[in-house]
Amino acid sequence: MVRPRAPVDSIARRGLQWGCWFCKLANGYRGSPAGDVPGKRVRAAGRRSPQCEPPAAPLYRAGTEGNGMENDSLERLRHSAAHVMAQAVQELFPEAKLAIGPPIQDGFYYDFEVARPFTPEDLARIEERMRAIIAEDHPITRSEMSREEAIRFFEERQQPYKVELIREIPEETVSLYAQDSFIDLCRGPHLDSTGEIKAVKLLSVAGAYWRGNEKNQMLQRIYGTAWPSTEDLDAYLANLAERERRDHRRLGKELDLYSIHEEAGAGLIFWHPKGAMVRHLIEQFWKEEHLKRGYQFLYTPHIASEELFRISGHLEQYAESMYGPLDIEGQRYRLKPMNCPGHIMIYKTHLRSYRDLPLRYAELGTVYRFERSGTLTGMLRVRGFTQDDAHIFCTPEQLVGEVVGVLDFVDFVMRRFGYTYKAYLATRPEKSIGSDAVWEHATRSLVEAMESRGLNYEVDPGGGVFYGPKIDIKLYDALGREWQGPTVQADANLPERFDVTYVGPDGNEHRAVMIHRVVLGSMERFVGGLIEHYAGAFPLWLAPVQAILLPIAERHGDYAHQVAAALRAAGLRVEVDDRSEKTGFKIREAQLQKIPYMLVMGDREVEQGSVSVRSRDAGDLGAMSVEGFLSKAQAEIAAA
RNA sequence: GCCGACGUAGCUCAGUGGCCAGAGCAGCGCAUUCGUAAUGCGCGGGUCAAGGGUUCGACUCCCUUCGUCGGCUCCA
């Protein structure tokens, strides 16, 4: 319930997975056996190490900076909290089988196999029991066992997941951590005693497949959070509340931006006038900036014969994300899941010379991709969306320079919206097409481009698309959350499949290289993210209504409409609220609608030909002339 | 898709195995013409997601479907 919906994306999640992988490796040790085992027995069985430190625990860290995981002491705290939770569960549900329980960003979780899913009441009981365990301040001790010993140990305790984990641990010795009557397979490190956990709270329960594989048993995962002090916990909970306040689904409704309809189908966005205005403004900006950078615009069809997607390889590689065929006069058509094949069609309408390259084709292309019902989320995860897609056709020699150009563009756009970002290099995935040499060249070019810009990056192994490696940019919003951002993909495979060529200076045909890139991503997701980033308070240049005019009494209505006309003529988006309501009420409503400026006008203003300006953020700014307000607004827009 | 929770007026929510299902906000009408976050009074509005079933009787119990939310998985 309170659990934050992570806006995060692949990398972050993949990061998490790496974490899990390391945990697993380490940690086969992580689960925990039944609580009926006295710690002494273990001690007898294993050698007790002097302190609660693993001998030389390699540092593992999941994910990236800013995800809260770099703080080892927090990790330790949360890891121990997970153990305490497991102990509580074990005591309250003795038949529970323990799986894994790692620390994660902002908290921890533990997976259990239980006969009946946990209820909110169960969570309350578990939490209560945890508090008792913490209050009792049990020392946490580390011990070791041989693999065989450990396997026997957990088999006796009927902990099959632990046994499975241990079997995969290469080392001959595994470590265990114990507190009170509870002992768990775990690499550690941990706190010295349960009493060091100062603030803990369980947040939610959810189903989770054993090892994330849907072919496996579904376990019950309890998420919790733990902090060094109650102040920290409170701050975190306040942050959660803030995220909820900013949730684009809530604001989308309150600000009348978009809707989704059961009658129309899940994952399909209907843009209301105000949402459409925001999108329009972004698109306008997008178009202007593309023209400045030598892009040309295209429009391509939403459906195409299957043949096109057979050639492109989508049918083969991407079928599970595509909708089924449409029968059109006996021919099979498909909704397009990507825009690239269409752009290639246009490229191929002429013989292209090296003198023509690079060709930069851009389209706000609407694509449809199948997403499983359980994954749909507001505007962030939908089934039909418009990508700000572009394909750059160039020579292999131009590749690096073009990628640099895209990275510059990305930087410019992200600054405009106030996002900071971080780059990842996603390398060849298992399911992919093309030769090693081609992948190698493409990957090297991306690296070169990033290095020439001095852009730091991390590697995301196997994170590339089936046709080529990519640079993924992750954005960080006003709350420091990570979002999926721009991507740049180098592709030598589609050009091959479609035989995309140009005539070189030597008069021979050469294979063109293609760059796929999006800057905003999908308009749906980008706007959804922006809503949360700005908490619905769009900057002046993006605000669907920039100013609302508030005549105090009926007799000021004419003047208000006059001023409104003047402001509109100057290009501002303004409305007049001439209802017979009190000014305080109108202000309240305008404020709730997050309209940047409210222009109050009564007898004084009419007489002086002025407006009294109230800012959404700063309150009453006092009176100024209409022209004064106009130039102030225009300056603010220009400064964006 | 899977696990769990949920789906009552435009919105946010309350509600009981059986008179005509409620509140606040919004809407409409009337009055008010009021200077920086809610003027007053009145009125209208719901096939209680949809479809089946159990029952003398269901919004309330069961099943199915659709959708939403939190996760798993995947991606823009």
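Student: Is Arg279 buried or exposed?
Tutor: In this predicted model, Arg279 is buried, with a relative accessible area of 15%. Its side chain meets that of Glu283 in a salt bridge, at 2.7 Å from N to O.

Student: And Glu283, buried or exposed?
Tutor: Glu283 counts as buried, at 16% relative accessibility.

Student: How many residues apart are Arg279 and Glu283 in helix H9?
Tutor: They are 4 residues apart in helix H9, which spans residues 273–292, so about one helical turn separates them. An α-helix has 3.6 residues a turn, so residues three or four places apart point the same way.

Student: Which residue forms a salt bridge with Glu371?
Tutor: That is Arg381, with the closest N and O atoms 2.9 Å apart. Both residues lie in the loop between strand E15 (359–368) and strand E16 (384–394), so the pair ties together parts that are 10 residues apart in sequence. Glu371 is buried at 15% relative accessible area, whereas Arg381 is partly exposed at 28%.

Student: What about Lys422 and Glu458?
Tutor: Their side chains also meet in a salt bridge, at 2.9 Å from N to O. Lys422 belongs to strand E17 (residues 420–426) and Glu458 to strand E18 (residues 457–460), so this pair ties together parts that are 36 residues apart in sequence. Lys422 counts as buried, at 16% relative accessibility, while Glu458 is partly exposed, at 26%.

Student: Which residues are linked in a network of salt bridges?
Tutor: Glu306, Glu307, Arg310, Arg332 and Arg334 are linked in such a network. The count for the structure comes to 45 salt bridges.

Student: Changing topic: how many disulfides does the structure hold?
Tutor: It holds 0 disulfides. For Cys394, the nearest cysteine sulfur is that of Cys340, 15 Å away. A disulfide would need the two sulfur atoms within 2.5 Å, so Cys394 is in none. Cys394 is buried, with a relative accessible area of 0%.

Student: How much of chain A is buried?
Tutor: Of its 640 residues, 56% count as buried. Chain A has 20 helices and 28 strands. Taking contacts between residues at least 6 apart in sequence, 73% join residues at least 24 apart.

Student: How many residues of helix H16 are buried?
Tutor: The count is 11 of the 11 residues, 523–533, so helix H16 is largely enclosed by the rest of the structure. Ala535 follows H16 and has a positive phi, near 55 degrees.

Student: Where does Leu219 lie?
Tutor: Leu219 is in strand E8, residues 218–227, and counts as buried at 0% relative accessibility. Beyond its neighbours within four places in sequence, its contacts include Phe112, Tyr161 and Trp210.

Student: Then Ser445: what lies 2.9 Å from a polar atom of its side chain?
Tutor: The backbone oxygen of His441 lies at that distance. Ser445 is in helix H14, residues 436–452, and counts as buried at 4% relative accessibility. Leaving out residues up to four places away in sequence, Ser445 touches Leu399 and Val400.

Student: Lastly, which residues form a nonpolar patch on the surface?
Tutor: Ile303, Leu326 and Ile328 do, with about 200 Å² of accessible area together. Leu326 is in strand E13, residues 326–328, and is partly exposed, with a relative accessible area of 37%.

Definitions and conventions
Residues numbered from 1 in each chain as written. Chains lettered and ligands numbered in written order. Predicted model: local features only at pLDDT ≥ 70, side-chain atom pairs only at ≥ 80, totals over all residues. Heavy atoms only, no water. Patch = residues over 30% accessible without salt bridge, like charges linked within 9 Å, V, L, I, M, F, W, Y side chains within 5 Å. Areas by Shrake-Rupley, 256 points an atom, 1.4 Å probe, with all protein chains shown as cover. Salt bridge = Lys/Arg side-chain N within 4 Å of Asp/Glu carboxyl O. Helix = DSSP H or I, 4+ residues; strand = E, 2+ residues; numbered from the N terminus. Buried < 20%, exposed > 50% of the residue type's maximum accessible area, 1.4 Å probe, protein only. Polar contact = N/O pair within 3.5 Å; in protein donor to acceptor, adjacent residues only side chain to side chain. Contact = heavy atoms within 4.5 Å.
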